Every structure is written in structure tokens, then in C-alpha cells.
Amino acid sequence: MNYKLGAGIVLYNPEVELLKKNVDALYNQVDKLLLYDNGSSNYQEVKSIFGNYEKIVFEDGVKNRGIAFALNKILNWANRENYEWVLTMDQDSICSSNMIKEYTQYLEGKDIALICPFILNNGKTTFNEYKKMDLPPISEITDPVKCITSACLTNVKITLKIGGYDDRLFIDCVDIDLNCRVLESGYRIVQVNTTYMTQQMGKGRVIPLFAKLQQLTNIDIFRRAKVVATYSDMRLYYHSRNSRYIRKNYKNHGKQTTALFVFAYYIYCSIFYPYNRSRIKMWKAMIKGFVDYKYIGKG
């Protein structure tokens, strides 16, 4: 069965060269591609680069209303265009050339809401390691944390039926929130292991201690740990706020949103993030988020 497939990329001050790689990898795999801008300072540059691409359409969001708001715009655009499925992409992710071909083998499952790929993230898993893994063609996702927005093929009607993305969350844990509702509603999330996506989570930073330990011992765990994704205090605020909101609202929210895991993660941030950053400001942002979760949806 042939399916019409759309795709959407949310833009916010994208690195243009990386975005071009993203678009070029995806362009010939889908019927149409929406670039939705969240108030980028370089939006006109992006339009000038991709303006002659026949299958690309643009939507200017004028200002940044958050990733969830933008994803809902993509979802509603796909619904108007009569796409049964839409692929959502981050601006700094690159999908493999066989992604849609592999995904389309599983579109007949009436209870499948989301399809995601294997993730190659910040060099923690290399392409060669991925190729050597003895993975089944498809895996069932039961942990809501394990399926992210980028490179996720989304069933438009099911996602709209359960309320779409919660734009009150703005950014961070938006995908986890949706995944929780997908699973609670009795729908499935599957990971197709025969395709992959390369992702840069935050601005990757090498930790010299782990890099040196890897060099001295050649122990693989140090290679995996030596690159850490660094986020702004604002991102840490939203992560703290939204992860607590999810803990309070869903029974099955995944191990990485438990209070203990999140606290340990923030300790890790405090040790390895700052060069010229204030740990005090970091913790103030995270504590404020922890308190502010109760105001989500109010005012």
C-alpha cells in the first residue's frame, strides 16, 4: 500500500550547514517537507537557501512559542494535507537514507502510533558498533523515554485523537508526555532497528578526565562517557519542571524521569558542565522548575 508521507522540521536559529545535511538526507524520502520557524534570527537566510526546493514549504511562527506548539503546527499541517503519517525532525539530526523505506513496512499496524529508529547519539554508539549489534528488526517500546521526537514517524489521526503535543510544556519532556499518553491509551510505539538517526543532543562537550582514562585504559565505558550534552539554565529549568509534572501525572513515566535519576543527573551536570557557568544559577533554575511544575496550565 502506498502512503503519502509528510515531514516537518522545527527551526530555531539553526546551524545552516547542519540543517542542509538534514534536509538533503530527508528530501527524497517524503512527499513534502514543512520548515516551521520558531522565531529564528537567520530565518531569511534559511528561506533563501531552500526557497527553490520544490517540495519544501515554509511557515513563519514569528516568535518562539516552544517546541510543542511548533510540533502541533506540523501535525495540523499534515492533517490538512491528508497525510496519514508525518515524520518530525530536530534541526540538528540527520536520518539514514533508508529510513522511510524501512518504516513503511510497519504502517499497516492499526494500533501503532509512533515509529522511531535506532539513535546514534553524540558518539556514544558508533556506526560500526551499531552494525555489529545483533538487533531484531523491530523492538517494542514500553519505556516512554525511549522514543524521541526527532525522526519519529507519527500517526496523525491517533496523535490528534489523544490531544497532540502539550504546548504548556514549551520544551523538554514534550515527547515523553506524548509517549505516556500513547501507551496509556492502548497504542503501540515501535523502534525499527534496521534504520538509524544521528543526533547531537545539546552542545556536545568532551570531558578531559574520561578522555584521558579512555586513552590510558582503552575501556569502552570511558569513550561513551567522555562526551556530555550541555544545556542552558533555561533548558534545565524546563527539564526540572516538566519531568516533575510527568512524574505526578503518569504511572508509567520511565526510569529516567524518576526523582532519584533526575537528581543524580543534576549532580552530574554540576560536576561536568561549568567552565564559565555559575553552579548556583544552575541549581536556582532547577529548583525553580521543581517548584513551578504546579503552575503548568495555570494563568
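Me: Ala, Val, Leu, Ile, Met, Phe, Trp, Tyr, Cys and Pro count as nonpolar, Asp, Glu, Lys and Arg as charged, and the others, Gly among them, as polar. How does the lining of the largest cavity split by class?

Reply: It has six nonpolar, two polar and one charged residues. Bear in mind that this is a predicted model, where local features need pLDDT of at least 70, side-chain atom pairs count only at pLDDT 80 or more, and totals for chains, interfaces and linings use all residues. Numbering runs from 1 along each chain as its sequence is written, and side-chain values use heavy atoms, with hydrogens and water left out.

Me: OK, and what's a cavity here?

Reply: On a 1 Å grid over the protein atoms alone, it's a set of points where a 1.4 Å probe fits but cannot get out, while a pocket is an open set with protein on both sides within 12 Å along at least five of seven lines; lining residues have an atom within 4 Å of a point.

Me: How many cavities of 30 Å³ or more are there?

Reply: The count comes to one. The largest cavity holds about 40 Å³ of space, a volume being the space filled by probe spheres set on the points, which are joined across faces, edges and corners.

Me: Which residues line it?

Reply: The largest cavity is lined by Leu114, Cys147, Ile148, Thr149, Cys152, Tyr165, Asp175, Leu178 and Asn179. Helix H7 (residues 174-184) gives the largest share, three residues. Helices (H or I, at least four residues) and strands (E, at least two) are DSSP runs, numbered from the N terminus.

Me: New topic. How many aromatic pairs are there?

Reply: Twelve. Rings of Phe, Tyr and Trp (its six-membered ring) pair if their centres lie within 6.5 Å; planes under 30 degrees apart count as stacked, over 60 as edge-to-face and the rest as tilted. One of the pairs is Tyr27 with Tyr53, edge-to-face at 5.3 Å centre to centre and 90 degrees between the planes.

Me: Where do those two sit in the chain?

Reply: They link distant parts, 26 residues apart: Tyr27 is in helix H1, and Tyr53 is in the loop between helix H2 (43-50) and strand S3 (56-60).

Me: Is Tyr27 buried or exposed?

Reply: Tyr27 has a relative accessible area of 16%, so it counts as buried. Buried means under 20%, exposed over 50%, partly exposed in between (1.4 Å probe, protein chains only).

Me: Why is the pair of Trp77 and Tyr83 called tilted?

Reply: Because their planes are at 55 degrees, with the ring centres 5.6 Å apart. Trp77 and Tyr83 are both buried.

Me: What about Asn22, where is that?

Reply: Asn22 is in helix H1 (residues 16-27), and it's buried, at 0% relative accessible area. Beyond its neighbours within four places in sequence, its contacts (heavy atoms within 4.5 Å) include Ile9, Met89 and Ile94.

Me: And Thr194, which residues does it touch?

Reply: Asn98, Glu102, Tyr130 and Pro137, leaving out residues up to four places away in sequence. Thr194 sits in strand S9 (residues 188-199) and is partly exposed, at 32% relative accessibility. Thr194 and Pro117 are 77 residues apart in sequence but 7.7 Å apart in space, C-alpha to C-alpha.
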